[in-house]
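Please look over the chain shown here before reading on. The report below describes its overall build and then a few individual residues.

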Amino acid sequence: MIIDSHCHLHDSVFSDLRATLTRAIDHEVWGVIAVGCDPATNAKTLEAATHHGKAIWPCLGCHPEWTRLTDAAVEEVESQVVQHHSRIVALGEVGLPWYCLEGAPDPASLMVGGRERLGRFLELAARYDLPVILHAPHGAAVEALSLLRRHAIERAVFHWHKAPTEVTRQIVEAGYHVSVTPEVVYRQRDREMVEWIPLESLLVETDSPWPYQGEFEGLATEPWMTSRVVEEVAKLKQLPVDEVMFRLSTNTCQLFDLPYA
Ligand SMILES: [Zn+2]
């Protein structure tokens with residue numbers, strides 16, 4: 001059994017959550033870490049968890065690439081965290097802007113604002129002893145790592161991780177996790193990282209409903225695909241699937257402080 005460690009169940013494509021979760025169970029995916037991006041998607045995520053308490057673990061976040069989020073929206077997310085901190089398993093999705101910097105009229109100020117916002121969320125994570133699910137791809141990873149250290153955050157995962165190998169090495173040595181998506185099936189960069197990274201530092205996810213290529217082309221991305229990701233990790237590690245599944249599941253349970261099945 002395995003857990004999808006990053007999924008956007010608030011998305012409107014998941015109108016029939018029961019069916020989605022049943023398909024997941026059929027593929028040995030017994031739970032989903034559900035992230036939010038703004039006040040509305042956070043509320044939807046909490047509601048989904050209320051209805052499917054055994055399969056959905058909710059997180060509250062503020063997506064760093066959602067540049068239209070106002071300061072008032074960020075404050076509202078902070079209030080949601082304060083109000084629901086005992087119900088959630090992590091802060092996420094939070095992080096630093098990267099993709100939106102390209103073509104932005106003033107990328108420097110976006111970065112400064114993003115850094116300031118992430119700092120505020122890391123303060124909340126420290127206050128409530130919550131792990132952090134980070135969006136900090138490519139050049140944003142090294143900066144996110146130094147912010148984690150500055151705020152003395154002990155538990156964090158760099159979701160859909162992509163960064164220079166040296167930065168990834170520092171992340172792992174600092175005791176943080178990185179996660180891979182279905183891209184690991186067909187993207188060389190991800191495959192090479194999985195080959196050398198210690199299994200103890202790895203998580204798996206789908207980032208549903210983000211669409212993938214290769215054998216997933218044209219398929220609606222759902223949590224069940226986590227199973228396929230595990231299979232590929234096992235192949236790359238040259239270990240039995242069951243053993244890898246157990247290890248990755250344990251990593252997820254430990255990071256998010258979930259009860260073991
Ligand atoms: Zn995401």
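Predicted model: local features only at pLDDT ≥ 70, side-chain atom pairs only at ≥ 80, totals over all residues.

Residues are numbered from 1 along each chain as its sequence is written, and side-chain values use heavy atoms, with hydrogens and water left out.

**The chain as a whole**

The secondary structure of the protein chain amounts to nine helices and eight strands, where helices (H or I, at least four residues) and strands (E, at least two) are DSSP runs numbered from the N terminus. Along its principal axes, the C-alpha trace spans about 45 × 40 × 35 Å. The radius of gyration of the protein chain is 17 Å, which agrees with the value near 18 Å that a compact globule of 261 residues would have; this radius is taken over C-alpha atoms, and the globule rule is 2.2 Å times the number of residues to the power 0.38.

Of the 261 residues, 57% are buried, where buried means under 20% relative accessible area, exposed means over 50%, and partly exposed lies in between (1.4 Å probe, protein chains only). The accessible surface of the protein chain comes to about 11,400 Å², and 52% of that surface belongs to carbon and sulfur atoms; the areas come from the Shrake-Rupley method with a 1.4 Å probe, and for residues only the protein chains shown count as cover. Among contacts (heavy atoms within 4.5 Å) between residues at least 6 apart in sequence, 73% join residues at least 24 apart.

**A strand pair and a helix residue**

Strand β1 (residues 2–7) and strand β2 run parallel and are joined by four bridges, given that two strands pair if DSSP finds at least two bridges between them. Within this pair, Ile2 stands opposite Val29 in β2. Six of the six residues of strand β2 (residues 29–34) are buried, so this strand is largely enclosed by the rest of the structure.

Val194 lies in helix α7 (residues 188–196) and, at 0% relative accessibility, counts as buried. When residues up to four places away in sequence are not counted, Val194 touches Val180, Val184, Leu202, Val233, Leu236 and Lys237. The C-alpha atoms of Val194 and Val178 are separated by 9.9 Å, and these two residues are 16 residues apart along the chain.

**Backbone features**

Most residues other than glycine have a negative phi, and most peptide bonds are trans. The table lists exceptions.

| Site | Feature | Value |
|---|---|---|
| Gly92 and Glu93 | cis peptide bond | omega about 10° |
| Ser208 and Pro209 | cis peptide bond | omega about 5° |
| Asp129 | positive phi | phi near 50° |
| Gln238 | positive phi | phi near 55° |

Where do these residues lie in the chain? Glu93 is found in strand β4 (residues 90–95), whereas Pro209 lies in the loop between β8 (202–204) and α8 (226–237). Asp129 is found in the loop between α4 (107–128) and β5 (132–135), and at 55% relative accessibility Asp129 counts as exposed. Gln238 lies in the loop between α8 and α9 (241–256), and at 71% relative accessibility Gln238 counts as exposed.
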